[in-house]
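Visitor: Hi, I've just opened this one and I'm new to it. Can you walk me through what's in there?

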Amino acid sequence: MPIDSIWSYAPGLDQVQEQDLTDYTVVASDGTIGHVDRQADHHGMRHLVVDTGVWVFGRSLLVPVGVVTDVHTGERQVTLGCTRAEVKEAPRFRTDSETMDPAYLTAVGDYYHRLPPRESPTG
């Protein structure tokens with residue numbers, strides 16, 4: 001996967017490009033990780049900020065939309081193509097200003113880009 005594609009929805013998810021995913025449940029390949037707190041597109045790096053609740057000690061996580069494998073509108077659920085542990089090990093998200101920091105976003109994109117490819121759950 002080219003690094004640029006980590007910041008774009010996968011082919012077949014074009015319908016969610018302009019959709020508001022706020023409050024959708026976020027599910028990794030091995031379980032729920034939280035809900036979408038907000039989504040952003042700074043410097044052409046589209047991503048979701050996920051509130052993990054108590055799972056990661058109240059911490060929020062930043063997830064590039066290229067990791068999204070499916071969006072179930074009726075169930076209000078976003079599915080990711082990685083595990084809970086992989087999401088938890090991503091570069092730590094500390095402040096909202098990081099969503100606009102190209103260096104931080106690049107580090108996050110590099111991390112997710114290096115994860116092993118996975119089959120889509122629907123694929």
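Visitor: Let's start at Leu48. Which residues does leucine 48 touch, leaving out those up to four places away in sequence?
Guide: Leucine 48 touches Tyr9, Leu21, Val36, Arg38, Gln39, Leu61, Leu62, Val63, Val65, Val68 and Val78. Contact here means heavy atoms within 4.5 Å.

Visitor: Before I go on, what kind of model is this?
Guide: This is a predicted model, where local features need pLDDT of at least 70 and side-chain atom pairs count only at pLDDT 80 or more, while totals for chains, interfaces and linings use all residues. Residues are numbered from 1 along each chain as its sequence is written, and side-chain values use heavy atoms, with hydrogens and water left out.

Visitor: OK, back to the inside. How many residues does the largest nonpolar core have?
Guide: That core has 34 residues, and Leu48, Val78, Leu80 and Tyr112 have the most contacts inside it. A nonpolar core is a set of buried Ala, Val, Leu, Ile, Met, Phe, Trp, Tyr and Cys residues joined through side-chain atoms within 4.5 Å. Buried means under 20% relative accessible area, exposed means over 50%, and partly exposed is in between (1.4 Å probe, protein chains only).

Visitor: Which element gives the most to this core?
Guide: Helix H2 (102-114) does, with 5 residues. Helices (H or I, at least four residues) and strands (E, at least two) are DSSP runs, numbered from the N terminus.

Visitor: So what does the secondary structure come to overall?
Guide: The protein has 2 helices and 6 strands. Along the sequence the pattern reads β-β-β-β-β-β-α-α.

Visitor: In what order do the strands sit in the sheet?
Guide: The order is E4-E3-E2-E1-E6-E5, in an open sheet of 6 strands with mixed pairing. E4 and E5 are the edge strands, each pairing on one side only. Two strands pair if DSSP finds at least two bridges between them.

Visitor: How many bridges join E2 to E3?
Guide: 7 bridges, with E2 and E3 running antiparallel.

Visitor: How much of E3 is buried?
Guide: E3 is mostly covered, with 6 of its 7 residues buried.

Visitor: Where does H2 lie?
Guide: H2 lies across E2, E3 and E4, running at about 70° to E4. For that angle, axes are lines fitted to C-alpha atoms, for helices over the stretch in contact, and angles run from 0 to 180 degrees between N-to-C directions.

Visitor: Switching topic: how many aromatic pairs does the structure hold?
Guide: There are 2 aromatic pairs. The rings of phenylalanine 93 and tyrosine 104 have centres 6.4 Å apart and planes at 45°, so that pair is tilted. Phenylalanine 93 is in the loop between helix H1 (84-88) and H2, and tyrosine 104 is in helix H2, 11 residues apart. Both phenylalanine 93 and tyrosine 104 are buried.

Visitor: What about the other pair?
Guide: Tyrosine 111 and tyrosine 112 pair edge-to-face, at 5.2 Å centre to centre with 85° between the planes, and both tyrosine 111 and tyrosine 112 are buried. Rings of Phe, Tyr and Trp (its six-membered ring) pair if their centres lie within 6.5 Å; planes under 30 degrees apart count as stacked, over 60 as edge-to-face and the rest as tilted.

Visitor: Which residue in the hairpin of E2 and E3 takes a positive phi?
Guide: Histidine 43 does, near 60°, in a hairpin with 2 residues between the strands.

Visitor: Is histidine 43 buried or exposed?
Guide: Histidine 43 counts as exposed, at 53% relative accessibility.

Visitor: And what is the phi of arginine 76?
Guide: Arginine 76 has a positive phi of about 55°, although it is not a glycine. Arginine 76 sits in the loop between E5 and E6 and is partly exposed, with a relative accessible area of 39%.

Visitor: Last one: what share of the protein's residues count as buried?
Guide: Of the 123 residues, 44% count as buried.
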